[in-house]
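Trainee: Could you walk me through how the features of a model like this should be read, beginning with the ligand and then turning to the domains?

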Amino acid sequence: MEKYFQKDIECADVQTIKGWQNEKLLRQVRNVWDNVPYYRNLMEKAGVIPEDIKSVDDISKLPFLSKADLRDAYPYGLLARPLSECVRIHSTSGTTGKRVIAFYNRHDIDLWNDCCSRALAAAGADENDVCQVAYGYGLFTGGAGLDGGSHKLGCLTLPMSSGNTERQIQFMRDLGATVLCCTPSYAVYIGEVLHEMGLSADDIKLKAGIFGAEPWTEEMRRDIEKTLGIKAYDIYGLTELSGPGVAFECSAQSGMHINEDHFYAEIIDPDTGEVLPEGEKGELVFTSLDKEAFPLLRYRTRDICVLKREKCPCGRTHIKMCKPMGRSDDMLIIRGVNVFPSQIETVLMKMGYSANYQIVVDRVGATDTFDVYVELPGDQFSDTVREMTEKESALSGALKTMLGINPKVHLVQPKSITRSEGKAVRVIDKRKLV
Ligand code: DLL
């Protein structure tokens with residue numbers, strides 16, 4: 001039977017949801033106008049005042065916020081509440097420039113926990129479950145987010161953080177963990193270590209996994225589900241908006257319900273900023289309707305996505321987003337061709353390879369080089385050069401069919417690509433360093 005955390009909200013009719021959104025948006029615009037000079041300034045430049053916004057239908061009058069604004073306003077410039085009211089920060093893992101910091105007051109943590117509790121309930125969890133949180137704890141939002149949701153739902157929470165994989169498996173077995181929360185690449189790795197320890201899905205009690213924070217394919221989902229003997233659910237979020245739980249998958253596993261009572265979603269054309277109709281592919285933009293300390297209006301996520309509202313067998317009515325299909329900023333352009341790492345992953349998984357791969361792009365003279373390193377499963381590694389070369393060219397051919405350009409494929413020894421306990425590093429683009 002389908003489980004919910006806040007059924008009245010999660011299954012409310014669309015008109016009711018719209019009503020909440022209209023009311024909350026007006027309040028939020030006023031809050032930001034009164035308390036965030038940085039955004040008030042942007043509104044003034046765009047010639048908009050709070051009275052111009054009468055409902056969500058007017059939202060496109062408001063200016064966008066981007067990561068560049070967050071860096072500009074670093075650290076306190078977008079705060080809408082006094083620091084004395086804030087109780088937490090989290091931060092992105094950005095490696096260049098200033099990090100992005102998000103602030104929370106008690107109310108914001110509370111609503112974030114609700115979002116994560118909804119995600120856990122949608123994956124079938126309740127107070128009888130043992131929830132192993134193997135997302136990183138600390139500045140990253142993954143650990144704290146799912147921990148808070150698990151706690152609020154009443155699960156026994158194992159705050160493992162990521163890493164020390166054998167110990168993860170030991171706790172998983174000793175305490176009978178039933179739900180695992182981590183990045184999908186770490187779930188794959190946990191599966192590998194389980195196998196190395198001579199164990200299988202029959203030796204653990206997991207029934208569900210909540211995996212997100214990075215792109216992963218349907219093929220990877222099937223692989224994880226088989227190896228760990230679970231149903232694998234996607235979860236989406238970003239630090240700027242609070243963290244995981246902005247959207248989550250239900251039993252239908254066909255897109256993630258956006259917590260629309262808290263986050264208003266739009267799809268825009270990333271080049272023109274124009275709002276696109278439902279069903280069209282573009283950049284996802286969010287407005288936080290309820291957050292008090294760090295409310296963002298029309299924040300450009302850079303995630304490329306499609307929104308669809310449809311009757312869902314789970315009973316939830318909130319609009320769904322598809323898996324992010326790449327990013328408008330880190331999409332690779334190789335020899336003039338747009339390449340998304342997820343396309344490469346799809347081909348690898350279809351051809352029986354694992355998700356342990358790395359894409360290396362470089363430039364020699366005026367030409368881009370494009371190399372894909374792929375680990376061979378242990379039982380397929382061969383000593384004969386001819387066999388290996390044949391496999392490499394078959395894979396290269398399949399990638400060419402998908403992408404339109406030919407990468408140089410290198411099949412490498414099992415375990416030679418560095419494993420990830422958090423988000424996997426799939427792409428090394430050396431061109432940017434020049
Ligand atoms: O990754 C929050 C999170 C933690 C989500 C745990 C889910 C689970 P950031 O580090 O700020 O926050 O990264 C946000 O990660 O804009 C997407 O590009 C990507 N991302 C997040 N979830 C997914 C997902 C967390 N399910 C950025 N599928 C986002 C694909 C995802 N990409």
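Trainee: How far is an oxygen atom of the ligand from an N or O atom in the side chain of Thr-239?

Mentor: The model is a predicted one, in which local features need pLDDT of at least 70 and side-chain atom pairs count only at pLDDT 80 or more, while totals for chains, interfaces and linings use all residues. Residues are numbered from 1 along each chain as its sequence is written, and side-chain values use heavy atoms, with hydrogens and water left out. A polar contact is a pair of N or O atoms within 3.5 Å; within protein, one must be able to donate a hydrogen and the other to accept it, and residues adjacent in sequence count only if both atoms are side-chain atoms. For Thr-239 the distance is 2.5 Å, from an N or O atom of the side chain to an oxygen atom of the ligand. A polar side-chain atom of Lys-423 lies 2.9 Å from an oxygen atom of the ligand, whereas with Ala-213 a backbone N or O atom is 3.1 Å from a nitrogen atom of the ligand.

Trainee: Which residues around the ligand come nearest?

Mentor: Counting a residue as near if one of its heavy atoms lies within 4 Å of the molecule, there are 21 residues around the ligand, of which Asp-234, Ile-235, Thr-239, Asp-303 and Lys-423 come nearest.

Trainee: How many salt bridges are counted between domain 1 and domain 2?

Mentor: A salt bridge requires a side-chain nitrogen of Lys or Arg within 4 Å of a carboxyl oxygen of Asp or Glu, and the count between domain 1 and domain 2 is four. Elsewhere in the list of pairs, the side chains of Lys-415 and Glu-192 form a salt bridge at 3.1 Å, N to O.
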